[in-house]
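Student: I have a structure open and would like to go through the terms used to describe it. Could you walk me through them?

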Amino acid sequence: IRRPPRSTLSSSSAASDVYKRQIKRKEYSSDNPFSRIPTQVKFLTTTIILLLGTFLISYRIDLNDFREDEFLVISAAKSYQETDKFYRWDWIKNEPVCEDYKEKACSYKRAWPHSLIIAKSFDLFGISELSARLPSLLFGVFFLLSSFYVINYFTQNEIIAYISALTFALFYSYIEIFRTARMYSLLLPLFLWLTYFLYRGITEKNKISFKKNQINNFISTYCDFNIPSLLIALILLYFSYLIHINSLIILPATLIFLIYQAVYKRDKKYIIWSGIGVISIVTIFLIYLTGLSTQYLSHVSLFASRNYDYLDLLAENPLTVRSGIIFGILGVCLLKYFDKELREKYIFMYILSVFSIFFFIFIANRYVSFPYVSHISIFTIIIISSAFYYIINTYKSNLLKVLLFLLLIILPGYRLYQRVGKIYSTEHNYGQFEIPYNSIIETGKPNDLLLGPVSYTHLTLPTKRIV
């Protein structure tokens, strides 16, 4: 087989030749996407990435005091230990702040499955920074381990899976999430598997046969989906919603994909369910316009915001913001050279990513914060890494390929290096509460007023007075 001709980044013809030859050699078999790399090499590579990720997450994880919203979580976890309910806990009086469970000022029921896990960790190891953050560490390791399989499923390319997983391990924002006792550490692996099972559910056919032919005929006509996968996806969607409402972004993105399938395939099942989805969206939109309910729409405003920083957050890894945008666009040009199955997987990831970027920039009425879109960054990283891989493979020089691929390690590694002080030491803006509290113990008197910035710390009363 002839080597592909030398090309530039703007050339897609060479990339298509490379991909077609790879498909012809069956290097990207959807039945066995790991078949190309020897088992020993895969095991060694996976182990190295897992060990690296585990070290970067766990190193000095208990060094810093609790910070920001961690106090809300440990308060709810402590309350569950004592009362089996998620109250806000008064650490001084060792009782709930107030007892009206329906009031937000008295309870913290947000992401309660995560708070429950923290409470169980407290039962086993006592209350400390380490025991509160240990579940996040375990979620991080599980996320890295899961990513190898799920990314392989969507890309049918184990090399891209390892590139993306390595990026996850080096990504400083992921490291911070998995070192913090917050719900986002659980959202990432949940959303990863939710996307996997949901995609399989809506693209694979039903394999369950019933005794009555009428039921089988109805399912084959209107509901010919992978029912077990959809059931698992529904369960994961429910828990993902409990963890964070932003996980629901997958529903309108999936609807857009169903509409695409309905137009492209003209399959009756896709047409019907697309219609049901459109009617549901229109109904929600009318509810929003009429103001009948704001329970789920309080953080939504049509084109009232321009949070372009979300594009930077989602495009910066594994390269830079500008190169991430460029490779993302070039990746679209490569889709026509993929086989049908692989193309549909990438189209789904593109729809999820592009719609999410649009939604959070123009519709979501919320301040910019990476954790809000951390679950979407999984797929933007996969898309950018894939485009980079296919385009770089068009070069003839193996040395040049190696040097370019090293960028995928150097750039995330350098960004991590720039934040070493913030992540692994006390060189940050959060402070160490033990320092002022020692001073308070030494010099403070009962009923002295504490003056300072608002703090969630578990060592102060709501009245901000010393007891």
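Tutor: Gladly! The protein chain has 19 helices and 2 strands, where helices (H or I, at least four residues) and strands (E, at least two) are DSSP runs numbered from the N terminus. This is a predicted model, in which local features need pLDDT of at least 70 and side-chain atom pairs count only at pLDDT 80 or more, while totals for chains, interfaces and linings use all residues. Residues are numbered from 1 along each chain as its sequence is written, and side-chain values use heavy atoms, with hydrogens and water left out.

Student: What makes cysteine 98 and cysteine 106 a disulfide?

Tutor: The term asks for a pair of cysteine sulfur atoms within 2.5 Å. Here the S to S distance is 1.8 Å, and a disulfide joins cysteine 98 to cysteine 106. By this rule the count comes to 1 disulfide. The angle about the S-S bond is -115°, and the link of cysteine 98 and cysteine 106 is left-handed.

Student: Why is cysteine 106 called buried?

Tutor: Buried means under 20% relative accessible area, exposed over 50%, and partly exposed in between (1.4 Å probe, protein chains only). Cysteine 106 has 5% relative accessibility, so it counts as buried. For the protein chain, buried residues make up 49% of the 467 residues.

Student: Why is α5 called oblique to α16?

Tutor: The axes of helix α5 (residues 129-155) and helix α16 (residues 374-392) come within 12 Å and cross at roughly 55°. That angle makes α5 oblique to α16, because angles under 35 degrees count as roughly parallel, over 145 as roughly antiparallel, 65 to 115 as roughly perpendicular and the rest as oblique. Axes are lines fitted to C-alpha atoms, for helices over the stretch in contact, and angles run from 0 to 180 degrees between N-to-C directions.

Student: Which residues of α5 and α16 meet?

Tutor: From α5 come Phe143, Ile151, Phe154 and Thr155, and they meet Ile378, Phe379, Ile382, Ser386 and Tyr390 in α16. By class, this contact has 7 nonpolar, 2 polar and no charged residues. Ala, Val, Leu, Ile, Met, Phe, Trp, Tyr, Cys and Pro count as nonpolar, Asp, Glu, Lys and Arg as charged, and the others, Gly among them, as polar.

Student: Is phenylalanine 143 buried or exposed, and how do you know?

Tutor: Phenylalanine 143 has 0% relative accessibility, so it counts as buried. Phenylalanine 143 lies in helix α5. Leaving aside neighbours within four places in sequence, phenylalanine 143 is in contact (heavy atoms within 4.5 Å) with Phe168, Tyr174, Phe178, Leu188, Pro189, Leu192 and Ile378. Phenylalanine 143 and serine 185 are 42 residues apart in sequence, with 8.9 Å from C-alpha to C-alpha.

Student: How do you know whether serine 353 and threonine 46 are buried or exposed?

Tutor: Serine 353, at 3% relative accessibility, counts as buried, and threonine 46, at 15%, is buried as well. Serine 353 is placed in helix α15 (residues 340-362). Beyond neighbours within four places in sequence, serine 353 touches Ile376, Phe379, Thr380 and Ile383.
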